[in-house]
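Here are some notes to read alongside the model, written for someone meeting it for the first time. Please keep the structure open and follow along point by point.

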Amino acid sequence: MSQALQKYPAIGVSQAQVTAASAGIRAARSSYLPRVDAVAQVNRATRNNVAGLLFPQGLPSISGQAVEQNSMANVWGTAVGFVVSWEPFDFGLRRANVAVAEVAKTRADAAVTRTSLEVATLAADSFLTLLAAEQTVRAAEAGVKRSEVFLRVVESLVRSKIRPGVELSRSRAENSAAKTQLIQAMQSVGIAQALLARLLGLEPPAVRVAAGRLLDLPPVDVQPARSVVQNPAALEQGTAVEEAKARLKSLERAYYPRFNLLASTYARGTGASNGSTMGGVNGLGPNIANWAVGFTANLPIMEFASLRARKDVEAARIQAETSRYRQIVVDLKGRLDASLAAADAARQIADNTPVQVEAAAATHRQSMARYSAGLGTVVEVSDAQRLLTQAEIDDSLAKLGVWRALLAVASTRGDLQPFLDSASR
């Protein structure tokens with residue numbers, strides 16, 4: 001099982017999502033840091049300037065005195081500097097965004113736990129399936145041997161003219177049917193090996209299982225009842241509800257004013273001075289410096305409509321995730337009740353199958369004795385052999401059926417450790 005948890009790709013996907021969520025927390029916390037931009041520029045351009053206002057746009061801006069004549073003469077221009085922006089307080093918006101990222105990380109962790117439980121359950125169930133298939137093969141092999149022994153007896157009696165030839169044909173048909181049953185059982189083993197190999201990252205021929213205590217009747221489950229709300233699927237969905245609530249809380253703080261402390265220092269150089277154009281390399285080096293500090297406030301007045309709509313979306317999402325959580329809990333409770341009922345029935349069947357095997361074996365012995373004495377028919381012996389083979393298969397699978405039912409109970413409760421402890425004792 002541990003090998004499946006290490007190699008199955010679904011686990012890697014969930015762990016990568018946890019890593020991404022952790023990075024999201026760091027990204028959200030980085031918003032507390034000031035923003036510092038370093039700028040540098042070198043250009044060659046004309047120096048024509050006019051007075052007047054323009055709305056902010058993407059055209060290159062120009063500073064300096066207005067000129068009366070348009071000229072295509074051009075000069076060098078340079079600028080270097082730093083701009084610092086920091087938001088000293090935000091009415092809890094950044095804290096709310098960090099909380100969203102932290103809940104997303106918690107949800108990713110819960111997804112890893114859920115996926116691990118699913119993979120471990122699938123691996124354990126595949127293990128039991130392979131073990132059951134191997135037990136079916138053993139019972140089918142025993143059936144083939146009994147059929148072959150009886151076939152030799154019939155052949156001897158037919159050659160001696162004691163029994164009619166039709167009984168030889170019937171016994172050969174029964175022997176072929178027993179071999180077909182064995183082939184089908186071996187096919188089931190191959191399929192079960194392939195399923196388990198997929199989980200373990202191995203080639204099917206390399207998969208081997210040891211029965212251990214799994215062929216014995218497990219002890220009665222005395223583990224304390226564990227609420228299905230502790231199942232990783234329910235816990236993961238609970239974090240989905242919390243994440244939606246955290247997003248709504250973040251949106252509730254998005255309409256507050258945004259305040260920023262600004263600071264800048266820069267230096268400029270230009271090849272234009274006092275209305276004249278200087279030639280050469282004038283302007284290639286910044287020679288005039290400035291600095292500035294300031295405080296800005298920004299309120300997105302017209303965003304209230306979009307924010308209200310986004311909050312309505314998150315409120316609806318909270319309702320949906322809450323309903324989904326309730327549905328998961330209800331489904332898990334139903335699965336647990338069904339698993340407990342199946343476990344109880346499986347244990348009763350396991351208590352009954354030894355009686356079935358003993359009676360079938362006695363029937364087989366009696367039918368063979370009657371046939372040898374000339375009182376029975378080949379049909380009676382064939383029916384008794386099939387009954388005994390099926391009883392042996394049922395007996396070997398009954399105990400595994402109890403283990404499989406207990407696995408379902410443990411998986412629904414969200415903790416496989418009680419099942420593993422019982423299997424390893």
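**Notes on helices, single residues and a pocket**

1. Just after helix α4, glycine 201 has a positive phi of about 70°. Helices here are DSSP runs of H or I with at least four residues, strands are runs of E with at least two, and both are numbered from the N terminus. Please bear in mind that this is a predicted model, in which local features need pLDDT of at least 70 and side-chain atom pairs count only at pLDDT 80 or more, while totals for chains, interfaces and linings use all residues. Residues are numbered from 1 along each chain as its sequence is written, and side-chain values use heavy atoms, with hydrogens and water left out.

2. Staying with α4, the helix covers residues 165–200, which makes 36 residues. From first C-alpha to last, α4 reaches 53 Å, close to the 52 Å expected at 1.5 Å a residue; the expected span is 1.5 Å times one less than the number of residues.

3. Glutamate 174 belongs to helix α4. Is glutamate 174 buried or exposed? Its relative accessible area is 12%, so glutamate 174 is buried (buried means under 20% relative accessible area, exposed over 50%, and partly exposed in between, with a 1.4 Å probe and protein chains only). Setting aside neighbours within four places in sequence, glutamate 174 is in contact with Ser147, Ser382 and Arg386, where contact means heavy atoms within 4.5 Å.

4. Next comes α3, with 67 residues. Its first and last C-alpha atoms are 97 Å apart, close to the 99 Å expected at 1.5 Å a residue. Lysine 161 follows α3 and has a positive phi, near 65°.

5. Take a look at the loop between β2 (74–86) and α3 (93–159), where phenylalanine 91 is found. The phi of phenylalanine 91 is near 60°, a positive value in a residue other than glycine. With 40% relative accessibility, phenylalanine 91 counts as partly exposed.

6. Helix α5 runs over residues 232–252 and includes glutamate 236. The 21 residues of α5 should span 30 Å at 1.5 Å a residue, and the end C-alpha atoms are 30 Å apart, which agrees. What caps the N-terminal end of α5? Asparagine 231 does, with a side-chain oxygen 2.8 Å from the backbone nitrogen of alanine 233.

7. Residues up to four places away in sequence aside, glutamate 236 touches Arg107, Ala110, Ala111 and Arg114.

8. Leucine 397 sits in helix α7, residues 378–413. With a relative accessible area of 30%, leucine 397 is partly exposed. Beyond residues up to four places away in sequence, leucine 397 touches Ala132 and Thr136.

9. Glycine 285 is placed in the loop between β5 (276–277) and β6 (288–298). At 37% relative accessibility, glycine 285 counts as partly exposed. Not counting residues up to four places away in sequence, glycine 285 touches Thr78 and Gly269.

10. Finally, the largest pocket holds about 840 Å³ of space. A pocket is an open set of points on a 1 Å grid over the protein atoms alone where a 1.4 Å probe fits, with protein on both sides within 12 Å along at least five of seven lines, and lining residues have an atom within 4 Å of a point. Its volume is the space filled by probe spheres set on the points, which are joined across faces, edges and corners. The lining has 28 residues, with Ile62, Ser63, Arg268, Gly269 and Thr270 nearest the centre. The largest share, 5 residues, comes from β2.

Terms used:
A polar contact is a pair of N or O atoms within 3.5 Å; within protein, one must be able to donate a hydrogen and the other to accept it, and residues adjacent in sequence count only if both atoms are side-chain atoms.
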